[in-house]
Amino acid sequence: AHLDVTVVCEAPRIGPHREKMRERIAEICGLPLSRVSVKATTSERLGFTGRQEGIAAMASATVRLPCEDMRDETR
């Protein structure tokens, strides 16, 4: 029903890529764009993400059972 993604990195800046990421995630998951959220944060220079050795991501999904066609925004 909904996806919420948080990207953890110091660089690159996610802002310029945010909408394209939302569009692609929505397409892959078969969800309307309005049901996908992508945001970013830093780790305040702590850990491997803070040292710019990698990027981490956390995602939360709301799944409704039985699965309904979520393409209908009136629900």
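This is a guided tour of the structure, stop by stop, for use in a viewer. The model is predicted.

**Stop 1: the core**

Select Leu3, Val5, Val7, Cys9, Ile14, Ala26, Leu31, Val36 and Val38, and show their side chains. These nine residues form the largest nonpolar core. The largest share, three residues, comes from β1.

**Stop 2: the cysteines**

Keep Cys9 selected; this residue is one of the nine in the core. Is Cys9 buried or exposed? Its relative accessibility is 4%, and the cut-off for buried is under 20%, so Cys9 counts as buried. Now move to Cys29. Its relative accessibility is 42%, which lies between the 20% and 50% limits, so Cys29 counts as partly exposed. A search for disulfides returns nothing: the structure holds zero of them.

**Stop 3**

Most peptide bonds are trans. Two stops on this tour depart from that pattern.

Select Ala11 and Pro12 and look at the bond that joins them: the peptide is cis, with omega at about 0°. Where does Pro12 lie? Pro12 is in the loop between β1 and α1 (18-29).

Then go to Leu65 and Pro66, which are also joined by a cis peptide bond. Here omega is about -5°. Pro66 belongs to the segment after β3 (56-62).

**Stop 4: positive phi**

Most residues other than glycine have a negative phi. The next two selections have a positive one.

Select Arg45, in the loop between β2 and α2 (47-50). Arg45 is not a glycine, yet its phi is positive, at about 65°. Displaying the surface shows how Arg45 is placed: its relative accessible area is 67%, and the limit for exposed is over 50%, so Arg45 counts as exposed.

Follow the chain through α2 to Gln52, which is found in the loop between α2 and β3. What is the phi of Gln52? The angle is positive, about 60°, although Gln52 is not a glycine. With a relative accessible area of 56%, Gln52 is also over the 50% limit and therefore exposed.

**Last view**

Cys9, in the core, is buried at 4% relative accessibility, whereas Arg45 is exposed at 67% and Gln52 is exposed at 56%.

Terms used:
Residues are numbered from 1 along each chain as its sequence is written. This is a predicted model: local features need pLDDT of at least 70, side-chain atom pairs count only at pLDDT 80 or more; totals for chains, interfaces and linings use all residues. Side-chain values use heavy atoms; hydrogens and water are left out. A disulfide is a pair of cysteine sulfur atoms within 2.5 Å. Buried means under 20% relative accessible area, exposed over 50%, partly exposed in between (1.4 Å probe, protein chains only). A nonpolar core is a set of buried Ala, Val, Leu, Ile, Met, Phe, Trp, Tyr and Cys residues joined through side-chain atoms within 4.5 Å. Helices (H or I, at least four residues) and strands (E, at least two) are DSSP runs, numbered from the N terminus.
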